[in-house]
Amino acid sequence: MDLTLYNTLTKTKETFEPMTPGRVGMYTCGPTVYNYAHIGNLRTFLFEDLLARTLRFNGYDVTHVMNITDVGHMTSDADAGEDKMETAARRENKDPWQIARFYEAAFVRDLERLNIRRPDVLPRATEHVEEMIALNRQLEEKGFTYQTREGLYFDTSKDDDYGKLMPRLDRDNQLVGAREAVNVDPEKRHPGDFVLWFGNKPGHIMQWESPWGVGYPGWHIECSAMSMKYLGETFDIHCGGIDHIPVHNTNEIAQSESATDKPFVRYWMHAAFLNLGTKKMAKSAGSILTVQALIDSGYDPLAYRYLCLQAHYRSPLEFRWTWNEDGKTGRAQSLDTAQATLQRLYERVSHAEDDPLANETAYTQAYNEVLGYLNDDIALPQAVATLHTYNSPRLWRAFDPVLGLDFESRAKPRVEEAAPEDVLALVEQREQARKAKDFARADALRKEVAALGWEVADSPQGPTLKRR
Ligand code: AMP
Ligand code: ZN
């Protein structure tokens, strides 16, 4: 079955065809590790996980690269302000290296909690500075750069198709220069030009030697250098949040294609935002809602995963959260509902014995219907709604490699009606006997259970118990 994906570059849904049959190279802009990820960031990382899982479900061998930005991301995406790592270091009275490693570990833990498969490669920017310098050199040799007292710039006027990823309106605005005008380098030639290397930040702790002075790389060049190192000069899919379209990803295309004269990426995919109330959630906006806060508030992180499955990745997701007075915990009605639905789902999926899709033809038809939604630009809300309609444990399980709701360990067959303690104890003893291959004793125990009015049966997931 064909897989169609919406490509930001062509602004249409296209049939996905990888460069090399059967293989997909996929890059996603990773976190800037200066704070905990908020659940908005994680919505984007969840989307990328769902995309990678969908590709694998379709039989592709996926190489997923996600960078860790641990230097060079300024407080404004357009190079103004200060490096976020340095601000955090000052805030926490640590050095930026400690900050970076601490929040990187916290990020990886959040991925695990949300059942987001760990990307195959997680390169750190600080460990690829050499590659970034080499790419900047290449751009310099080809005449795409100029140097000011602040550092090395990319000259956007030299790039004929600069801004092709953006909608026309954004591009016009950018070229006219209607961008934030604070702290702009007076020697910068065009409003869209951006920094490839910061060469004049004497207070900056993370510093490297370069032909343009001791300093550090710009954020955009990091992603060009790391993606091409691990996936080649042209690769299949590049993802990010929609905020990356007008600056960061636009500049990645400009640098990479000017350096290589080859198309950089074939499919660009962008995830819409999670909005807290009607406001965008930003890591820099004070109190941030983390996975840990969800857990402290009594939520299963997978309830958040389930909630995200119910909104299409290209639609904004409104989220209302009310903090309790402690400022650490809170509630969201949408999460209460998601959690309750998920609990019912685990219960339902545990009961494989009354599957409405017992008939193979009916099952195959339903399977293809769900796959059809999934392969139509990852239409998970429809896929999930269809799964609910069929209400088939087997079908839910079949799609769990994509959904990632962990039915395998969470939807174990359980007792239908709460059995009394003494019956449960006997069942447990019988399990022990079976494990020890003492089948005579196991059988005797089964009879004891029966005498108390219960019937024990064995399934691949363990013993089940029901009233006789
Ligand atoms: P950052 O760590 O700030 O570089 O952001 C990491 C990722 O989160 C990027 O792909 C952003 O586009 C994305 N992002 C930032 N804010 C939100 C939000 N409120 N909802 C969804 N994604 C977001
Ligand atoms: Zn990036």
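In what follows, Lys and Arg count as positive and Asp and Glu as negative, while His and the chain ends are left out of the count. On that basis the protein, which is seen here as a predicted model, carries 55 positive and 70 negative side chains, and the centres of these two sets lie 3 Å apart.

**Overall form**

The C-alpha trace spans about 90 × 50 × 45 Å along its principal axes, and the secondary structure comprises 16 helices and 17 strands. Of the 468 residues in the protein, 54% count as buried, and the accessible surface amounts to about 20,800 Å², with 49% of that area belonging to carbon and sulfur atoms. When contacts between residues at least 6 apart in sequence are considered, 75% of them join residues that are at least 24 apart.

The chain is divided into four domains, whose bounds are set out below.

| Domain | Residues |
|---|---|
| domain 1 | 4–271 |
| domain 2 | 275–345 |
| domain 3 | 357–410 |
| domain 4 | 421–467 |

Taken over C-alpha atoms, the centres of domain 1 and domain 4 are separated by 58 Å.

**Surroundings of Met-269**

Another residue that can be followed in some detail is Met-269, which is placed in strand β10 (residues 265–271). With a relative accessible area of 0%, Met-269 is buried. Leaving aside residues up to four places away in sequence, Met-269 touches a set of residues that includes Leu-5, Tyr-6 and Thr-8, then Phe-47 and Leu-51, and also Ile-237, His-238, Cys-239 and Gly-240. Tyr-313 and Asp-377 are also among the residues that Met-269 touches. Tyr-230, by comparison, is 39 residues from Met-269 in sequence, and the two lie 19 Å apart in space, C-alpha to C-alpha.

Terms used: Residues are numbered from 1 along each chain as its sequence is written. Chains are lettered from A and ligands numbered from 1 in the order in which they are written. This is a predicted model: local features need pLDDT of at least 70, side-chain atom pairs count only at pLDDT 80 or more; totals for chains, interfaces and linings use all residues. Side-chain values use heavy atoms; hydrogens and water are left out. Helices (H or I, at least four residues) and strands (E, at least two) are DSSP runs, numbered from the N terminus. Buried means under 20% relative accessible area, exposed over 50%, partly exposed in between (1.4 Å probe, protein chains only). Contact means heavy atoms within 4.5 Å. Accessible areas come from the Shrake-Rupley method with a 1.4 Å probe; for residues, only the protein chains shown count as cover. The place of a charge is taken as NZ of Lys, CZ of Arg, CG of Asp or CD of Glu. Domain bounds come from an automatic or database domain assignment.
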